[in-house]
Amino acid sequence: MNFWEKLSNLGKKWIYLMIAICVIVPLFFKFEFKMGKSPSTMGLYNKIESIAPDSFPFLMSYDYDPSTQGELSPMAIAILRHAFASHKRVMLMSLLPQGIGLAEGVTSRVAKEFNEYAIKEGKDTVVYGTDYVVLPFTPGASAVMLSIGESLKNTFVTDYYGNLTDTLECMKNVYNYNQIPVTISLAGSSVPKSWIIYAYTRYNEKIACGVTAVSAADFYPYLRTGQFVGMLTGLRGAAEYENLVRENYNVEGRDIAIIGMSPQSFAHLFIIFMIILGNISYFIVKKQKARSL
Amino acid sequence: MSTNIWVWIAAILTLAIYSFLYKDNIIYKIAEYLLVGVSIGYTTAITWHNVIIAKMVVPVVDYHRYYMIIPAVIGCLMFTRFFKKVSWLSKIPISFVIGAGAGLGLPLAFQTYIIEHSKDTIAIPWHGGNTMLLVDAILIFIGVVATLVYFFFSVKHKGVVGKIANIGIWYIMISFGATFGFTVMARMSLFIDRMQFLLHDWLGLIH
Amino acid sequence: MKRKLPLLIVMILGIGMTIQYFVPHPLSMNIYRIILDWMIIIGAFYLVLGIGGVLIINYHKIKRRKENWWLSIITIVSLFFVAFIGIFNGVRSETLFMKIFSNVQLPMQAAIFSLLAFYITSAAFRSFRAKTAESTVLLIVATIIMIGNIPLSKYVPGSSVFAEWILSVLNLAGQRGILLGVGLGMAATSIKIILGIERSYLGGGQ
């Protein structure tokens, strides 16, 4: 067996080890990257910026489960930091049972972290019930989206903790989509399309999304038609948003997505190298076998 | 290094899952079965608090919406599937949801998918003299038509139709290439997240 | 009756809700709101059924002493433990229930899906071959997208702009063609369900 044949038969455990090194080693070094500002990310950022402070809350739906939280939770954290720093009210919900656990966990953590920073800097803290509300998981996705359009408080009679939504300051005078400036769906599947079908098409609600990179290519047609006002694409989108929030508000907190861009870069370069190397070894071995026949 | 017992539990379970990369083993299997049990138990508790209490008990007890008992009774018919003689009753709640869902979705899906996207494809505006935008719009029009022709198998892909379908193949390959590139990005991101947890939250080795 | 009643329900509701979309009369809107409420409540029972299904499968596995039956005991014990502490102790973030979700379920589920990073790397080396012109284009576009979406793309001038252009023009066209086909398929399937031609949702023998 010559070198190219040995390379073609390279054991998968060696490949696993190499990709692990490509991801782990860059995490030990601090790379300063200048993040871009893609039009789809700016669309979402500008939409939230345009909401008047301490007015009607926007709606963010955690339509994902722990399997995709690596890409989507950094987006949720960045958007929440943006909302809290710019005094925008927010309602959190989920169409999935696991999503609501993520919604409650992430939101509580970010609110606690933000309040520690706000107290230190002498800024306004965020209060549950006034600045943000976590709504309970409700089954029946399409029915929920349509039901919000008719009556938000009928759809969510209580919040996640059992408080009647009638009594919450954040939801005062919020009856349906007419009072909700934008609905953001963070999803690892095609749920944002359902939000367009039921909330945008029927009720003209503005929809934005944060999606895993796997499904991002599918959603570009909706950006062009304006059915999405903005879109965050995977970890890169989360990193761009974190960068925007850091530039404009300088909120304290670890930028998970920006830190993740260095191993992401090296992993991509490694994969490209492996594709090229795999093809070269394949064609050389093929040629050698043809010659020997 | 973290002194929080829960972080250690999370780290050990993460490594138990990664042990599968070496080979399938009993530690991985235990973690897998534990995951199934915990996630179903979690769903049960969330369903109790967020659905049964919030959607059924509170509206009836606090807001006196007694008519909510009717859909609850229809929903209970689903459990008749475990009893052979009356199992046909379990099809009633399924029919309700499917029928209503199909009726609600039909005009909306048509509007969302067909009308909006056809409108955007056919309308090729001049965009005030921006040639690149005009070129983009023409390329999109050609691509959409060619892709649709490729998937139209009622006519043989020969002659003019064959040539247009061939153009469609190229557009589809470009779309799949984009999807593949993004898929690599997505998979790596998930692994990067776990490594950040192990190296930062658990071992405290990175910033 | 057993076969016709479910189909009748589907037809009446399907046609009714389609017509309702075009009728803004208060009576039509009231019926619409009631149907939505009922759909949400009935939908909750799907979850309960799913939970029951898992219990039954694992119970049978233990009873019949199938391979690795003792692992099913772990599933059932953990299921009941987490369910009970969640129901009786609450589901707030500081509770034992949420600590288990955040430190047992979340990391394991995330780790299982992160294994895909290794498989895709292995597949990239072993399987992704530029054997035809079309597959070569696929791999070239994938490479451009991978380079264009990382910060290091600044060392390849124009790569991120080119990647964005491919996504928002060429990729969009291909995706839109597929989307239009899917949309027509969805509409056709909905009509078939409403008219009772498509009955697979009712289970076998229909």
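Biologist: Happy to look at this with you! How many residues of chain B are in contact with chain C?

Modeller: This is a predicted model, in which local features need pLDDT of at least 70 and side-chain atom pairs count only at pLDDT 80 or more, while totals for chains, interfaces and linings use all residues. Residues are numbered from 1 along each chain as its sequence is written, and chains are lettered from A and ligands numbered from 1 in the order in which they are written. Contact here requires C-beta atoms, placed from the backbone, within 7 Å. Chain C brings 98 residues, and chain B brings 94 residues.

Biologist: Which element gives the most to the side of chain C that touches chain B?

Modeller: Helices are DSSP runs (H or I, at least four residues), numbered from the N terminus. Those giving two or more residues to this side include α1 (4-20), α2 (26-63) and α7 (159-194) of chain C. With 23 residues, the top contributor is α7(C).

Biologist: Great, and which element gives the largest share of the side of chain B that touches chain A?

Modeller: That contact takes 44 residues from chain A and 41 residues from chain B. On the chain B side, α2 (26-61), α4 (91-122) and α6 (159-202) each give two or more residues. The largest share, 17 residues, belongs to α6(B).

Biologist: Back in chain C, at roughly what angle do the axes of α3(C) and α4(C) cross?

Modeller: Axes are lines fitted to C-alpha atoms over the stretch in contact, with angles from 0 to 180 degrees between N-to-C directions. Among the residues making this contact are C:Val82 of α3(C) and C:Phe97 of α4(C). The two axes come within 8 Å, and they cross at roughly 135°.

Note on methods
Contact = placed C-beta atoms within 7 Å.
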